[in-house]
Amino acid sequence: MEEATSTKSQPLPVTDSPVAKESHRSGKGMTKRGVYAAISYMVSAILLILFNKAVLSSYNFPYANVITLFQTISSCLFLYVMRRWKIISFSAGQPESITDDSATHVPIKTLVHTLPLASSYLLYMLITMESVRALNVPMYTTLRRTTVAFTMVVEYFLTGQKHSLAVLSSVGIIILGAFIAGARDLSFDSYGYAIVFVANICTAVYLASISRIGKSSGLSSFGLMWSNGIICGPALLLWTAMNGDLEAMMNFPHLFSPGFQAMMLLSCIMAFFLNYFVFLNTTLNSALTQTICGNLKDLFTIGLGWLIFGGLPFDLLNVAGQSIGFLGSCLYAYCKLRGK
């Protein structure tokens, strides 16, 4: 009976399949499943940035930590319902083995094992949210392209992984483009630039943590998301309550505006999908492939950001820098796909 139930309700794709693992070992290109994960990540990332920007800038909502809290709570609710309906499993590559009367739905030992991942996830979310508010969308995405350099450095220290001269050159082009774009940025904000670079470091540590801790935890992508949520949720709730954000939010003038609530809801939904596809893409492919996807989505984000939000005075040097950075991203993707 248990076997029939397991066959009847197949969980969504959440783990590193044998095909994907073999592809990693042989150095071949991405599997079809890996390509779908990469494209899905890019679409959800673009939409999330735009929804977050709408909440933080268009409605001038000043409580970025509250948005992060709502996104975390929503993610846990989605995961709980989907698991109750047996749509997903928290265990990697096997039927769910943890009963519903478990308080945390995953072993305490596993939670402790994923604690470094959850900590880096919390920093990643908080600082990324602040960086979105601190800069306009085009400059935000341009500076975020330098994340690939931080990822390579973190992976080198954690795993000793080295890269070819062609890959290093493409990373150099990305960084050069970012600095050219910022050299004459008419809306230069030193605080905003510093926050983005801190966000880059947090992103690199977070992705490297997924690769190292996530794959050894025995949890699926959804299980990792659940662990992150139940560890980070209470910490976020305590933080927002202590600094007065929750109380101050009740006096926000647009709190009951249908437009604001719609943007907040869409932000929470897209944050859930983004987290899932980050885990899936990093697990099926690699932390570097995840970073490549982040760079390739930037062109569309810059275009949409300019059209919808504006915020960046036109400057030829700025446009040239962004173009050089995107060219470097394409070269980097080409090198990785060719196995160089």
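1. Basis. Residues are numbered from 1 along each chain as its sequence is written, and side-chain values use heavy atoms, with hydrogens and water left out. As the model is predicted, local features need pLDDT of at least 70 and side-chain atom pairs count only at pLDDT 80 or more, while totals for chains, interfaces and linings use all residues.

2. Cavities. The count is two cavities of 30 Å³ or more. A cavity here is a set of points on a 1 Å grid over the protein atoms alone, where a 1.4 Å probe fits but cannot get out. Points are joined across faces, edges and corners, and the volume is the space filled by probe spheres set on them.

3. Second largest cavity. Its volume is about 40 Å³. The lining (residues with an atom within 4 Å of a point) consists of Thr-72, Ser-75, Tyr-121, Met-225, Asn-228, Gly-229 and Asn-275. Two or more of these come from each of α4 (64–84) and α11 (221–242). α11 gives the most, with three residues. Helices are DSSP runs (H or I, at least four residues), numbered from the N terminus.

4. Helix α3. Its 27 residues (32–58) should span 39 Å at 1.5 Å a residue, and the end C-alpha atoms lie 38 Å apart, which agrees. The expected span is 1.5 Å times one less than the number of residues. Just after α3, Asn-60 has a positive phi of about 55°.

5. Thr-203. This residue sits in helix α10 (residues 190–212). Leaving out residues up to four places away in sequence, Thr-203 touches Tyr-124, Thr-128, Arg-144 and Thr-147; contact means heavy atoms within 4.5 Å.

How values were computed. On a 1 Å grid over the protein atoms alone, a cavity is a set of points where a 1.4 Å probe fits but cannot get out, and a pocket is an open set with protein on both sides within 12 Å along at least five of seven lines; lining residues have an atom within 4 Å of a point.
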